[in-house]
Each structure stands twice: as structure tokens, then as C-alpha cells.
Amino acid sequence: MKKISCLLLMLVMMLGAMALAEPADVIEIGTVEELAAINENLSGNYVLTADIDLAGAEWRPIGAYAPSGESAEEQEIPAAETAFTGTFDGQGHTISNLVIDQPEGWAQGLFGCIANAQVGNFTLENATVDAQMMSADVVGYAYMSTVSGVNLVNGAVNAHWGEMSAEGMYGGIVGAGMGSMIENCAAQADIVIPDGTANAGIVGGGLEMTSVVGCVATGTVTAGNDCYGLGGVSGCGFAAEQFTDCTAADVTITAGDNCFWIGGVTGYAGGYADAQYGMPVTVFTNCAAKNVTVNVGENADGIGDIVGAGFYNDQVAQDMGAPFDQPTQFELVDCVTDGEGAQDEDAAAAAQLLEDVKGTYVALFPIITDSAWDQVWLDHCAAVMGDEMAPEAAQMLKDACNGTIYGQEAIDAYGDGSNGAQFDCLFINGVDQITFDGATIGGTLEGAEVFSHEYAYVGPLSLGGMMNGYLYETADADAGEFKYFFMMPDTPASTYHLEFRYGSDVDALTEYATGPYAYWLAAGFPVDADEAMTEDVIGLFCDENLAEMAQEQPAA
């Protein structure tokens with residue numbers, strides 16, 4: 001498994017793929033009018049600089065679906081002149097109160113249709129979409145695109161039947177996906193589809209050759225009679241190169257009579273081992289269905305804890321012919337289902353983590369941003385970005401994690417986007433060292449004890465839908481701002497540092513750009529670390545994370 005730093009992954013999402021682009025290449029969006037005006041320049045590179053409230057707006061989706069030609073293949077390829085083909089970086093901001101009422105509409109959502117585009121790094125809160133086909137709260141149709149770091153809160157998609165809606169395709173994040181990637185997204189939504197429709201899931205609806213990685217789904221999928229392809233995470237996962245680290249948690253799937261292909265994670269999936277078909281076998285790795293309830297009517301078929309079934313039955317074989325006249329294949333690797341197995345596995349991993357991180361830690365960034373390590377930063381940045389860009393890249397990475405304010409002060413400073421954003425990665429609440437000793441966690445200031453408590457595992461927790469870790473709680477009544485610890489699954493052996501949060505409010509601990517802990521995530525470094533570990537952690541930040549940012553920069 002790639003040992004990527006979760007903190008820098010979050011910063012990549014916050015600062016966006018355009019972080020190193022020239023200012024002239026980026027268009028700032030801070031108002032409803034400016035957001036709507038993206039439709040006038042669908043190939044631009046955009047950054048969101050403020051939260052936007054769409055209450056009362058008659059929203060026209062960004063980008064529209066129109067087929068590029070008349071053949072079946074061209075029907076799947078959106079016309080470039082109508083689809084959104086640029087980049088959109090939400091910089092951690094929130095767009096709220098989206099309402100779309102288009103019962104006969106196709107490709108409806110905040111973004112209607114995107115092609116060869118990158119969209120992500122924002123929260124969409126309170127969204128309701130009524131449409132006929134290929135629709136979602138966030139992106140109706142994603143073609144050869146990436147949707148990442150989106151947190152959907154209180155979403156709803158209500159599908160309406162039409163003569164062309166038999167395949168449906170409805171989701172919270174993406175309705176229909178072709179050749180795309182959906183990664184590090186969280187969706188809390190209710191999806192409702194009528195009789196005779198299909199392909200509905202809380203994250204994605206009908207996904208073909210579309211990978212889903214690190215996504216979490218919570219909510220409901222409700223279908224009428226004669227429906228197929230219903231899943232907690234996605235309705236369909238056909239020929240995906242990856243379906244990894246995805247969880248359906250606290251999900252209820254309800255279907256009427258004569259429904260089929262229903263799964264806790266995905267309704268149906270598959271592919272072919274024979275490479276000539278260009279449809280790879282879908283492999284589900286480290287996926288989980290936790291507290292997923294499936295209620296079905298009469299004559300239900302193809303129901304599974306993780307995946308309902310492969311994409312094959314007699315009707316498919318007759319209607320579609322080769323290669324669909326033979327069963328598809330999918331694989332399950334280290335997947336867990338329904339409550340106890342997943343919870344036991346999480347609890348064991350959480351207990352092991354506390355053993356693996358035993359030791360005393362100080363704040364990481366004051367150490368590694370000391371001038372003594374400047375050349376190490378430059379060497380690693382140059383290896384990725386080249387000598388000319390190395391100083392700028394090194395300074396950007398250092399600045400991004402060297403903030404000294406958090407909470408409301410940081411929200412006030414960074415909220416409009418004019419001053420960029422920095423994470424405060426220091427220890428807060430009056431401690432300069434934190435010691436992990438099994439279930440005991442304690443902190444000191446200049447050697448004097450500030451807190452020490454026994455902690456017990458509570459359950460998994462997600463920070464902004466992008467960082468998944470473990471929550472621990474102490475029963476001590478006097479714990480105050482040390483009542484909860486949120487720990488990322490990092491260890492000195494794997495990532496050379498720790499990332500964690502602590503506080504008194506669980507809900508606030510899950511938000512990174514709002515609330516009392518906004519723009520703060522503690523990064524700890526072992527007090528006994530040697531020079532080699534110091535160089536290793538700098539290399540981790542530069543080599544892996546900067547490489548991903550460089551790959552995702554828009555073409556000049």
C-alpha cells in the first residue's frame with residue numbers, strides 16, 4: 001500500500017490541482033453569479049474563494065449533455081462544446097441549498113455534464129435534484145473525468161420515469177460515469193427511483209469503467225417495482241479498474257417487486273479476464289458494508305452483502321450478444337460485511353494502532369522546516385518539479401503546513417480565499433509533547449503534566465469525507481478538550497510521523513474548514529527520531545504528494 005501522507009493529500013485537495021499554475025490561468029469564483037457564469041467559459045480553470053448559498057436560485061447545471069454523434073459509441077461521448085471541460089477546485093468551501101426541478105431533464109446536478117475535467121474539494125450541503133436520467137446532486141454525467149474530495153451532506157435525488165429512463169443512473173456524487181475516477185468522496189443522501197428504472201447508489205449510479213476509491217456512503221436507496229442495479233455505494237460497478245477502500249455505512253435499500261442485482265456496496269459489477277474485450281474484471285478491495293439493511297418485495301433476485309451479482313442474465317445475453325452472452329467476473333479481496341465482522345476488524349486495527357505508535361512526540365513542522373533541512377527539501381522538490389520550480393514548490397509545501405491560527409480566527413483569515421490557506425499542525429491546548437502508551441494518552445508542557453487519560457475505541461471517523469481514521473474517547477469527566485482523540489492510521493514505521501486531532505466535540509472534529517478546530521490537524525514526530533527519519537518524512541511530503549500535484553496540473 002502506498003504510504004501517502006494524509007495531511008498532504010488533504011492539502012492537495014484544499015489547495016487544488018492548480019496550486020502551481022500561473023495566476024492568470026485561474027479564475028476565482030466567490031458569488032452565485034460568478035458560479036453560474038462558468039457556463040459562459042466551460043474550459044476554464046476555476047477556484048472557489050468563498051462559501052456560496054444557492055437558496056432561491058433557479059440553477060442551470062454547469063455543462064450540459066449533448067451526444068457527439070449519432071452512433072451508439074458517439075452517444076456516450078459528450079459534445080465538447082456543451083460539457084464542462086475545465087477544472088474546478090472548491091478549496092474546502094461549501095455550496096449550499098441547491099434545488100433543481102427538471103422532471104424531464106437529463107444530466108442534472110450542480111454540474112450537469114463534465115468531460116476530461118477535474119472537479120472537487122468542496123462540500124455540497126442541502127441539495128435536491130428532480131430529474132429523469134443520468135442525474136446526481138454533484139455531477140450528472142462524468143466522462144473521462146475525476147471527481148475527488150467532495151462531501152455531500154443532506155442530499156436527495158428524486159428520479160422521474162420517462163420513455164428513455166430504463167437505465168436511469170442516479171447517485172449522490174455522480175449519476176452516470178464513463179471512464180472516470182471518483183475518489184475520497186463522502187455522500188449522505190436519499191435516492192428515490194420509480195418503477196422500471198435502474199442503477200442507483202448513494203455515491204454513484206451507473207458507473208462503467210469508472211474507478212471508485214476511498215468513498216463512504218450513508219443514507220437510503222428506495223426503488224419501485226421492476227428495478228435493477230441498487231447499491232449502497234453504487235448501483236453499477238462494471239469493468240472498474242479499481243473499487244477500493246469504500247464503505248456503505250448505516251444504509252437502507254428498499255425495493256419493490258421483481259427487482260434484481262442489489263448489493264450492500266454495489267448492485268452489480270464484472271468484467272472479462274480476456275483483455276481483448278477491454279473490460280477488466282472488477283476487484284473490490286477493502287470494501288465494507290456496515291449496518292446495511294436490504295428490504296425487497298416479491299421475486300427479488302441477485303442480492304449480495306457486498307455485490308449483488310455479475311452483469312449477466314439470459315435477457316442481457318439475448319439483447320446484447322457477445323461478449324455479454326457470457327458471465328462477467330468480479331473479485332472480493334479483504335471485504336467485510338454487516339456489522340460485527342467489520343466492527344471487530346476496525347476495533348482490532350484501532351487497538352493495534354495505539355500499540356504501534358507508542359512513544360513521545362513533538363510537533364513535526366517546526367523541526368523539518370528549520371533552515372538546516374533546506375537542501376533536503378530542494379533536492380526532493382527538484383527531483384519532481386525540476387531545479388527551477390524547486391524553491392517555489394518547497395516553500396509552498398512548507399507554508400501550507402506551517403500555520404499558527406485555527407478555528408474562527410483561521411476561518412476569518414482564509415474564508416474569502418484572498419489570503420490562501422494554511423494548516424496549523426502544532427499541538428494546541430497548552431501541550432508541547434504528547435505521549436502514547438497503549439490505551440493511555442498524556443501531554444506535558446515543559447515537563448509538567450497537562451493531561452493523562454485512558455481511552456477506548458469508539459468507531460471509525462472521517463474528517464471532511466477525505467481522511468478516514470479511528471475515534472477514541474475517555475470516560476474521565478475532567479478531560480475537557482482532551483475528551484476525544486481522532487487518529488489517522490499512521491505510524492513512525494509507515495509514514496515517519498503521526499496525524500491526529502483532539503477535542504470535546506465529535507462533530508466539530510469531522511470538519512476541517514469550519515468550527516472550533518478549522519484548519520488544524522496535529523502532526524507529531526518522535527522525540528528520538530534520527531536524521532534519517534527526518535530526511536524520510538521530508539521525502540514523503542515532497543516525493544509522493546508533490547508528484548501527484550504535478551501530474552494533475554492543467555495543461556498550458
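Buried means under 20% relative accessible area, exposed over 50%, and partly exposed in between, using a 1.4 Å probe and protein chains only. By that scale Glu-40 is exposed, at a relative accessible area of 66%. This is a predicted model: local features need pLDDT of at least 70, side-chain atom pairs count only at pLDDT 80 or more, and totals for chains, interfaces and linings use all residues. Residues are numbered from 1 along each chain as its sequence is written, and side-chain values use heavy atoms, with hydrogens and water left out.

**Salt bridges**

- The whole structure holds 4 salt bridges, each a side-chain nitrogen of Lys or Arg within 4 Å of a carboxyl oxygen of Asp or Glu.
- Arg-60 pairs with Glu-40, with the closest N and O atoms 4.0 Å apart. The two lie 20 residues apart, Arg-60 in the loop between strand S3 (52-53) and helix H3 (72-76), Glu-40 in the loop between helix H2 (32-36) and strand S2 (45-48).
- Helices (H or I, at least four residues) and strands (E, at least two) are DSSP runs, numbered from the N terminus.
- Arg-60 is exposed too, at 53%.
- Lys-398 and Asp-374 form a salt bridge at 2.9 Å, N to O. It links helix H8 (residues 390-400) to helix H7 (residues 374-385).
- Lys-398 is buried at 10% relative accessibility, whereas Asp-374 is partly exposed at 31%.
- Glu-355 and Lys-358 form a salt bridge at 3.3 Å, N to O.

**Nonpolar cores**

- A nonpolar core is a set of buried Ala, Val, Leu, Ile, Met, Phe, Trp, Tyr and Cys residues joined through side-chain atoms within 4.5 Å.
- The largest core has 70 residues; Leu-35, Phe-84, Phe-88 and Ile-173 touch the most other members. Strand S7 (residues 118-131) gives the largest share, 6 residues.
- A second, separate core of 67 residues includes Ala-382, Ile-428, Ile-441 and Ala-508.
- Beyond its neighbours within four places in sequence, Phe-88 has contacts that include Leu-35, Tyr-46, Phe-111 and Phe-122. Contact means heavy atoms within 4.5 Å.

**Sheets**

- Two strands pair if DSSP finds at least two bridges between them.
- S6 and S9 (residues 139-143) are joined by 4 bridges. Ile-114 stands opposite Ala-142 in S9.
- Another open sheet has 6 strands, ordered S8-S11-S15-S19-S23-S27, also with parallel pairing.
- Here S15 (residues 198-201) pairs with S19 (residues 228-231) over 3 bridges. Gly-201 has Gly-231 in S19 as its bridge partner.
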